[in-house]
Amino acid sequence: GTTLGTSAAEKGRYFGAAVAAQRLSDSQYVTILNREFNSVVAENEMKWDATEPQQGVFTFGNADRIVNHAQSRGMSVRGHTLLWHAQQPGWAQNMSGSALRNAAINHVSRVAGNYRGKIHSWDVVNEAFADGGGGARRDSNLQRTGNDWIEAAFRAARAADPGAKLCYNDYNTDGVNAKSTAVYNMVRDFRARGVPIDCVGFQSHLGTTLPGDYQANLQRFADLGVDVQITELDVAQGGSQATIYAGVTRACLAVARCTGITVWGVRDSDSWRSDNPLLFDRSGNKKAAYTATLDAL
Ligand code: XIL
């Protein structure tokens, strides 16, 4: 293929980008998005603070702009994210115990239910494990409602949208390490006990090196019977940027259950990072990293 999306599709995968609703009025941005990508995810617009700014009051306007753009062009949509310790509305940040648990599960049911039938994969829970060698859960208001909050969220998401693939998503899980092994053990346990989980997302916010066991790590999760997805790929600028993009792409293609790659923005000027980590430069031109990625597909 001559674009990321068509080339990935030839390999049975999608190639997506994180989209910000306000960028949909930038014609250069939209031209690149429509030409290159066949999947989108909302960069911020489906998060808890955006979708339930007051308890029980749901606002989907900006998220709908992204979903409608995708649907009208035949792009699939990843949902990001139902529960996360960050970007919670103020009212939830101030809750605890069973009141927070009930509010969180209601949020999952209402947002997943609102988009029932429209979401390819949901990041049901994002970043619930701590960094470092302990393999522990991250401390958060959600975690303090009880260790079973993650499985409760997955069960609620399945009930609300039975057709969506349900993912756990995290960062610093890109190689075999204590954090990724803790996630692995949770997924293995969920599969053994029938908790509905279908996929694991590897954010892959990368620096100047790619873990040597990146592909092996994807494969060990796939061997648990879940799909794996690269969900938020961006790579520090520098001599290794193109090589790392190509390495991630080849790793995904080498793992049968790696179903797609999403980059976390379109142009460097759209990125949440300041180190020019994306595939298109600030003028919308293809970078060496783009060519390396397309060649690897
Ligand atoms: C980031 C967005 O890109 C920023 O615009 C926002 O200010 C903060 O969140 N991991 C995630 C994403 O799962 O939701 C984060 O997105 C980047 C890190």
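The model is a predicted one, in which local features need pLDDT of at least 70 and side-chain atom pairs count only at pLDDT 80 or more, while totals for chains, interfaces and linings use all residues. Residues are numbered from 1 along each chain as its sequence is written, and side-chain values use heavy atoms, with hydrogens and water left out.

**Exercise 1. Find the disulfides and describe each of them.**

Begin with the term: a disulfide is a pair of cysteine sulfur atoms within 2.5 Å. A search of the whole structure with this rule gives 2 disulfides. In one, the sulfur atoms of Cys167 and Cys199 are 2.1 Å apart. Cys167 belongs to strand β5 (residues 165-170) and Cys199 to strand β6 (residues 199-202), so the bond ties together parts that are 32 residues apart in sequence; strands (E, at least two residues) and helices (H or I, at least four) are DSSP runs, numbered from the N terminus. The S-S torsion of Cys167 and Cys199 is about -90°, so this disulfide is left-handed.

Next, take Cys252 and Cys258, which are joined with an S to S distance of 2.0 Å. Here the torsion about the S-S bond is about -100°, so the disulfide of Cys252 and Cys258 is left-handed.

Finally, check burial, where buried means under 20% relative accessible area, exposed means over 50%, and partly exposed lies in between (1.4 Å probe, protein chains only). Cys167 has a relative accessible area of 0% and is buried, Cys199 is buried at 0%, Cys252 counts as buried at 1%, and Cys258 is buried at 0%.

**Exercise 2. List the buried residues of helix α11 and state which elements they pack against.**

Helix α11 covers residues 288-296, and its buried residues are Ala289, Tyr290, Ala292, Thr293, Leu294 and Ala296. These buried residues pack against α1 (4-10), β1 (14-19), α2 (27-36) and α10 (241-254), where contact means heavy atoms within 4.5 Å.

**Exercise 3. Describe the polar side-chain atoms beside the ligand, and say how much of the ligand the protein buries.**

Start with Glu43, which has a polar side-chain atom 2.4 Å from an oxygen atom of the ligand. For Asn44, the corresponding distance from a polar side-chain atom to a ligand oxygen atom is 2.9 Å. Glu127 has a side-chain N or O atom 3.1 Å from a nitrogen atom of the ligand. Taken alone, the ligand exposes 410 Å², of which the protein buries 78%; accessible areas come from the Shrake-Rupley method with a 1.4 Å probe, and for residues only the protein chains shown count as cover.

Conventions:
A polar contact is a pair of N or O atoms within 3.5 Å; within protein, one must be able to donate a hydrogen and the other to accept it, and residues adjacent in sequence count only if both atoms are side-chain atoms.
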